[in-house]
Structures are given as structure tokens and as C-alpha cells.
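Dear colleague,

Please find below the structure that I promised to hand over, followed by an account of what was found in it. I would be grateful if you could read the two side by side.

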Amino acid sequence: YEHYKLIIGWLEGENPLPPPIEASLDPINACNNRCYYCNSQRYLREKPMGLKRWGRDYLEDILIDLSLMDVKAFCWGGGGEATLNIRLPGMTRFGIDLGMECSIITNGVALTDDLIDELLLCRWIGISLDSADPEVYKKVRGTEDCLKVLDNVKKLVAKRTKTDIAIKVLVLPETIDTILYTCQVAKDLGVQDFHVRPVDLELK
């Protein structure tokens with residue numbers, strides 16, 4: 001609320017614009033899933049030659065600028081699958097060493113052991129799963145990686161010390177009947193959070 005008051009004060013000319021509390025960063029716009037509902041799929045399908053990956057210097061410059069602005073945290077986010085950027089491991093630690101918290105939203109497919117170790121420096125990790133049923137997962141996310149993701153979640157849980165791990169599910173016609181099952185799988189895996197939200201297919 002205090003931050004909100006500063007924004008109102010800026011709009012009314014009473015104080016400078018405060019820095020954001022958290023920055024959402026999209027270090028790559030490629031993805032190894034093909035979720036039919038994803039609004040990013042338009043350019044991922046139609047303009048594959050337009051795919052971009054942030055390099056080390058660019059990432060370092062952004063993270064340094066954010067820390068100098070007194071931004072408190074950054075999140076590796078969506079427009080693509082962040083873990084496909086090979087610079088992600090070093091840059092996660094780099095940003096944390098600058099005094100910011102880090103988090104990530106990932107589909108959990110490309111989590112190598114080394115990447116898992118570094119991502120467990122994050123405050124939280126959100127795994128976009130949608131369904132723990134491999135057939136439903138394939139219908140929604142377009143790949144056969146469901147069991148691989150669940151195995152990677154097991155590795156995260158086994159190694160975690162303080163990072164909150166969440167499994168994220170979208171309510172879709174295909175997933176709605178498996179949400180309870182997916183929740184039970186999440187509980188059995190030992191994750192800390194289970195997020196469910198609807199998707200707006202009209203904005204696809």
C-alpha cells in the first residue's frame with residue numbers, strides 16, 4: 001500500500017516515480033512447449049526467424065541497472081521458456097549477488113542438475129504443468145514431457161532448502177477433470193504451493 005501511495009503521489013506531482021518492486025524479465029522468446037492457449041504462440045509459430053535470446057552483457061547491464069534503481073526482485077518470466085537461454089544459470093546468481101531476490105516461471109522440461117542447483121537460489125519456482133495426466137498434458141502443451149517434468153520436480157524438492165516450489169495449473173476444458181488428481185500429485189511430490197487459475201481463450 002505504501003508503494004501504491006507513492007505512485008499516486010507521482011501522478012499528482014508530489015514525489016518522483018518510485019522504482020518497481022519487481023521486474024519481470026523475458027530472456028528468450030523461444031519455447032519447447034506448444035501450448036495451444038498461449039498468446040505468445042502467435043509469433044513463435046508465425047515468425048520463427050524473429051526469435052531472440054539476450055546475451056550475457058545485455059543481461060548483466062539490465063540486472064545492474066535494476067539494482068541501482070533499488071528494485072527488490074526480478075522474475076524470469078514468460079514470452080518464451082527462460083531456461084532455454086544458456087546464460088540463465090550465471091545470471092540468476094549474478095542478480096542475487098547484487099542484492100535482489102529472484103524467482104522463475106518455467107515449464108520444467110529443460111532443468112539440468114546444474115540449473116536446478118542455481119535455480120534453488122530463487123525465492124520461488126513456479127512449474128507450469130496444467131495436468132499431471134500425460135495424455136491431457138500432451139493435448140494441452142503439445143509434447144510428451146509430462147513425466148520428465150514430474151521427475152524434475154522430484155529433483156527440485158529433494159534438493160530444496162528454502163525455495164518455495166509451486167505447481168501451476170490453468171483451468172481448461174481438457175484439464176478441469178484432472179485438477180484434483182494433479183493437486184494430489186503435487187502434494188505427494190512435496191511442493192509448497194499449488195496454483196489454479198482460469199485462462200482467457202478469447203485473448204489467445
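Serine 24 stands opposite cysteine 75 in strand S2, where strands are DSSP runs of E with at least two residues and helices are runs of H or I with at least four, both numbered from the N terminus. This is a predicted model, in which local features need pLDDT of at least 70 and side-chain atom pairs count only at pLDDT 80 or more, whereas totals for chains, interfaces and linings use all residues. Residues are numbered from 1 along each chain as its sequence is written, and side-chain values use heavy atoms, with hydrogens and water left out.

S1 and S2 run parallel and are joined by four bridges, two strands being paired if DSSP finds at least two bridges between them. S2 also pairs in the parallel sense with S3 (residues 101-106), again over four bridges, and there phenylalanine 74 has cysteine 102 in S3 as its bridge partner. In a regular strand the side chains alternate between the two faces of the sheet. In S2 (residues 73-76) both faces are covered, since Ala73 and Cys75 on one side are buried, as are Phe74 and Trp76 on the other; buried means under 20% relative accessible area, exposed over 50%, and partly exposed in between, with a 1.4 Å probe and protein chains only.

Isoleucine 125 touches, among others, Ile104, Leu119, Leu156 and Ile165, residues up to four places away in sequence not being counted; contact here means heavy atoms within 4.5 Å.

Most residues other than glycine have a negative phi, and most peptide bonds are trans. Aspartate 70, in the loop between helix H3 (56-68) and S2, has a positive phi of about 70 degrees, and at 44% relative accessibility this residue counts as partly exposed. Aspartate 130, in the loop between strand S4 (124-128) and helix H6 (134-141), has a positive phi of about 75 degrees, but is buried, with a relative accessible area of 2%.
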